[in-house]
Amino acid sequence: MFESISVGKHVRLGVGLIVFAMALVSGAGCGKPFPWEGTWQGSRNLGADPGPSGIGVTASRVKVIIRTDGTFDAEDGGIPIAGMTSQGGDDLTLKPLNVLGVSADKAGPPLNSPIKLHANPDGTVTMSRDGDSERIVLKSSGTQPTP
């Protein structure tokens, strides 16, 4: 009788230790989530110097504002885009809902295709779109979006 009580305590203790160890191991890989919210800016490589102002600067400029409510506003080459975000690990997908002030469905591809952002270890973000070979590095401007 005493032996079965002792074994039962050891089994419960062993199970408890296993659960605790699994919790530690599963939490070990979890770091602080990437701070997506804010303003991100970069430039497309147009193959020529866009000059200090004018259409070349506008055509090369990329700006993305990500809000805590899961929405975004962007300007890519002077084209305004707005929509919703979805996160998966180190990646954030921007789904355009409006392009140039109209429904993204009416804008058609590639303007209505999802924009993919990937968090880099150095704190920058790489932006890409399906079918577009260019990868644009965006840097945080340190500006927090207004809700």
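Buried means under 20% relative accessible area, exposed over 50% and partly exposed in between, with a 1.4 Å probe and protein chains only as cover. By that rule I find F34 buried, and W40 as well.

**Ground rules.** I am working on a predicted model, where local features need pLDDT of at least 70, side-chain atom pairs count only at pLDDT 80 or more, and totals for chains, interfaces and linings use all residues. Residues are numbered from 1 along each chain as its sequence is written, and side-chain values use heavy atoms, leaving out hydrogens and water.

**Entry 1, the overall layout.** I count three helices and nine strands in the chain; these are DSSP runs numbered from the N terminus, helices being H or I of at least four residues and strands E of at least two. Along the sequence, I read the pattern α-β-α-β-β-β-β-β-α-β-β-β. The chain has 147 residues, and 27% of them count as buried.

**Entry 2, the aromatic rings.** I searched the whole structure and got two aromatic pairs. F34 and W40 form a stacked one, with 5.8 Å centre to centre and 25° between the planes. For the terms, rings of Phe, Tyr and Trp (its six-membered ring) pair if their centres lie within 6.5 Å, and planes under 30 degrees apart count as stacked, over 60 as edge-to-face and the rest as tilted. Ring pairs join F34, W36 and W40 into a cluster.

Next I looked at β8, where five of the five residues are buried, so the strand is largely enclosed by the rest of the structure. I checked both faces: V125, M127 and R129 cover one side, T126 and S128 the other, and all are buried.

β8 runs antiparallel to β7, with five bridges joining them; two strands pair if DSSP finds at least two bridges between them. A119 stands opposite V125. I also see four bridges from β8 to β9 (residues 132-140), again antiparallel, and there R129 has D132 as its bridge partner. Two residues separate β8 and β9 in their hairpin, and G131 in the turn has a positive phi of about 85°.

I found N120 in the loop between β7 (115-119) and β8 (125-129). With a relative accessibility of 18%, N120 counts as buried. Beyond residues up to four places away in sequence, N120 touches F34, V125 and T126, contact meaning heavy atoms within 4.5 Å.

Which residues have the most contacts inside the largest nonpolar core? They are W36, V64, L117, M127 and L138, in a core of 20 residues. Such a core is a set of buried Ala, Val, Leu, Ile, Met, Phe, Trp, Tyr and Cys residues joined through side-chain atoms within 4.5 Å.

My search of the whole structure gave five salt bridges, each a side-chain nitrogen of Lys or Arg within 4 Å of a carboxyl oxygen of Asp or Glu. The R44 and E134 side chains meet in one, at 2.9 Å from N to O. R44 sits in the loop between β1 (38-43) and α2 (55-60) and E134 in strand β9, so the pair ties together parts 90 residues apart in sequence. R44, D76 and E134 are linked in a network of salt bridges.
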